[in-house]
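Keep the picture open and follow along as you go.

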Amino acid sequence: MMEQKLDGNAAAGMLQAIFPFDMTLAQVTCAGCGTTTVIGATAAYMHGMGAIIRCPRCDNALIHIVHARGRYWLDMRSVRVLEIKEG
Ligand SMILES: [Zn+2]
């Protein structure tokens with residue numbers, strides 16, 4: 001499957017359709033290496049069915065987003081903590 005490597009801001013449109021806040025400013029802590037970073041600064045691999053957001057340090061797949069048949073599936077098993085700043 002063809003993938004295009006971009007930064008986490010590239011996945012913003014898809015994340016905006018799911019979450020009611022700006023996910024690019026949310027901080028994720030990688031379950032693999034413990035690095036904390038904003039989603040906008042992660043590496044995002046866009047593909048036909050969605051996106052994979054990877055840790056910029058260890059390349060662990062933090063969030064898998066699949067968009068198909070009018071639904072979104074999120075696999076966030078490699079996110080230890082998701083920190084969302086209020087308004
Ligand atoms: Zn990591």
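Predicted model: local features only at pLDDT ≥ 70, side-chain atom pairs only at ≥ 80, totals over all residues.

## A turn out in the open

Let's start with Arg69, which is exposed because its relative accessible area is 73% (buried means under 20%, exposed over 50%, and partly exposed in between, using a 1.4 Å probe and protein chains only). You'll find Arg69 in the loop between β6 and β7. Strand names like these come from DSSP runs, numbered from the N terminus: a strand is an E run of at least two residues, and a helix is an H or I run of at least four.

Arg69 also has a positive phi of about 50°, although it isn't a glycine. Most residues other than glycine have a negative phi. The turn that holds Arg69 belongs to a hairpin: β6 and β7 have 2 residues between them.

Residues are numbered from 1 along each chain as its sequence is written, and side-chain values use heavy atoms, with hydrogens and water left out.

The protein chain averages a pLDDT of 92, and 98% of the residues score at least 70 (pLDDT is the predictor's confidence in each residue, from 0 to 100).

Which order do the strands of the open sheet follow? There are 5 of them, in the order β1-β4-β5-β6-β7, with antiparallel pairing (two strands pair if DSSP finds at least two bridges between them). The edge strands are β1 and β7, each pairing on one side only. On average, neighbouring strands are turned by 20° against each other, direction ignored (the axes are lines fitted to C-alpha atoms, for helices over the stretch in contact, and angles run from 0 to 180 degrees between N-to-C directions).

Now zoom in on β6. On one side, 5 antiparallel bridges pair β6 with β5; Gly50 has Val66 as its bridge partner, and Ala51 stands opposite Ile65. Another 5 bridges join β6 to β7, again antiparallel, with His67 opposite Tyr72.

β5 and β6 form a hairpin too, with 6 residues between them. Asp59 sits in that turn with a positive phi of about 70°, and at 39% relative accessibility it counts as partly exposed.

Cys30 lies in strand β2 (residues 27-30) and Cys58 in the loop between β5 (50-54) and β6 (61-68), so the pair ties together parts 28 residues apart in sequence. Cys30 is buried, at 1% relative accessible area, whereas Cys58 is partly exposed at 35%.
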